[in-house]
Amino acid sequence: MADHDPASRKNALRIEALENLLAEKGLLAPAAVDAIIERYEQEIGPLNGAHVVARAWTDPAYKRRLLDDGTAAVAELGFGGPQGEHLVVVENGPRVHNVVVCTLCSCYPWPVLGLPPAWYKSPAYRSRVVREPRVVLREMGLEIDESVEIRVWDSSAEVRYLVLPERPAAAANLDEAALADWVTRDAMIGVGKPQAPQP
Amino acid sequence: MSADFLSSDGSGAPPRSNGELVFAEPWESRAFGVAAALRDRGLFDWDEFRACLIAQIALWEKQHPPDEPFSYYGCWQRALVELLAQKGVCSARELEVREHALASRPAGHDHAQGHDHDQDHDHDP
Amino acid sequence: MGGMHGFGRIEVEPDEPVFHADWEKRVFGAAMLAMGAGVANIDRFRHAIERLDPVEYLSAGYYGRWLGAFELLVREFRENGEQLESAEPGSIRSVVAPARFAPGDVVRARNLQPAGHTRLPGYARGKLGSIARVYPGFVLPDTNAHLRGENPQRVYAVRFDARELFGSGAEANACVHVDLFESYLEPGDG
């Protein structure tokens, strides 16, 4: 713990004290906390969303169901849970690009993407992507032509958004399993595009 | 604006991408896990927690010391403490007392959760 | 209890154990399970504790009060023929009243200041937009914790042009959809 900054040490002490107290009061079991942490570190992550996207790319009926009721459609693949009770999928197209944010507190569709990355939670992203999305996306490596409409979705209520990116032309002949490898987390937030898996 | 904000190596491979950590430090994971566990137990719902989180983030953004970097889980933890105090589950005072007791441990003390107090611990009067 | 007099010194038990007896632990555990099962949320429990007979309140002790509150709530459920609260996460409730707005309607976000906590982002306040989507009812977070009962309202995805939000210098061909409760909106002026 030697190289933690003072704020971190303080936070670490505080959560340890809180967890201690709550366990004594019978309000939680440390093992339950361990299990939750492990689930979000190991199991729940963007691979889930990648499967959803790959299925939508290869099965037009599934894609219609996904766009109509995201929660039910991802549940077909076995995904669901906290922060996914009302999932809405927004589709990219040749003339429309979607990008997701939660300006108030970084809400994110956990069941399909896991927990959000640090940049998504940063004050800079939260305030700037609504104000100057094209500039922000360019800084993040994604160029969107001015003829393409950018739609920013601010998850200010209970709906959680997932972007359904366009299937890349280069991936035209791949099967569902291979396609999943092309689907990046950033493409499902809207700050990147699907890309060939890194070797 | 730091370069960290801009990096987006976004490979979708195993649930976590390319060595990117879900939690930067262990205390962050505990803060997340404790909130989620309490929600599972029905002490609050995410809506209520979120309201506190929104308030803590707004407060930090309005009033933080100029050099202090944003800590999402710092705000998260403050929201949790605030919500539990509001609910009468855990007061600021008892938390303070417990922190003090833990901080007074001799170096090398076992940090396992739920350990008993040793007799030589001081409690504040 | 604040401000009441005449109850003597507060006896503090040194090294007080969290539970003095097994029954206390079981009551607490049962209360937690009940909340998890949706019998009541913690605010209802706390309100029930406050409604206990004053003598019972003072003599019952901390966990005795929980037991008393539990009994009170169960009695009330039976007497009122009340449905158990659904414990569904995500606070989705069906709203019976028809939606006030329809897709395409022009609306204005009201200029509400967040005295409590609201879900109206500052950049959208007072701005003119149009209804993009109509979502089912949700609990309005401003009232969930209060015992006035939940206040389900429709949520709308409202589309705002970037230049409406951020002025003429904002990007062309960009918009922001904000999810807003019905009470945050009023009809737009043309």
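Two residues are in contact if their C-beta atoms, placed from the backbone, lie within 7 Å. Helices (H or I, at least four residues) and strands (E, at least two) are DSSP runs, numbered from the N terminus.

The model on screen is predicted, so local features need pLDDT of at least 70 and side-chain atom pairs count only at pLDDT 80 or more, while totals for chains, interfaces and linings use all residues. Residues are numbered from 1 along each chain as its sequence is written, and chains are lettered from A and ligands numbered from 1 in the order in which they are written.

**Stop 1: chain A**

Colour residues 6-42 as domain 1 and 45-189 as domain 2 of chain A; the bounds come from an automatic or database domain assignment. The C-alpha centres of these two domains of chain A are 31 Å apart.

Now select helix 3 of chain A. Of its 13 residues, 11 are buried (20 or more other C-beta atoms within 10 Å of the residue's own, all placed from the backbone). Among them are Pro46(A), His51(A) and Trp57(A). Show what the buried residues pack against: helix 4 (60-68), helix 5 (70-76), helix 6 (110-113), strand 4 (160-164), helix 10 (176-180) and helix 11 of chain A.

The expected span is 1.5 Å times one less than the number of residues.

**Stop 2: where chain A touches chain B**

Here 56 residues of chain A are in contact with 50 residues of chain B. On the chain A side, helix 1 of chain A has the largest share, 15 residues. That side divides into 34 nonpolar, 13 polar and 9 charged residues. Ala, Val, Leu, Ile, Met, Phe, Trp, Tyr, Cys and Pro count as nonpolar, Asp, Glu, Lys and Arg as charged, and the others, Gly among them, as polar.

**Stop 3: helix 3 of chain B**

Select residues 46-63 of chain B, which form helix 3. Its buried residues include Glu48(B), Phe49(B) and Arg50(B). Helix 2 (26-40) and helix 4 (72-86) of chain B are among what covers the buried residues.

**Stop 4: where chain C touches chain A**

In this contact, 27 residues of chain C meet 26 residues of chain A. Strand 4 of chain C gives the most to the chain C side, with 8 residues.

Finally, select strand 3 (residues 149-154) of chain A, which runs parallel to strand 4 of chain C and is joined to it by 5 bridges. Strands pair if DSSP finds at least two bridges between them. Asp154(A) stands opposite Val178(C).

Technical notes: A residue is buried if 20 or more other C-beta atoms lie within 10 Å of its own, exposed if 12 or fewer, and partly exposed in between; C-beta atoms are placed from the backbone.
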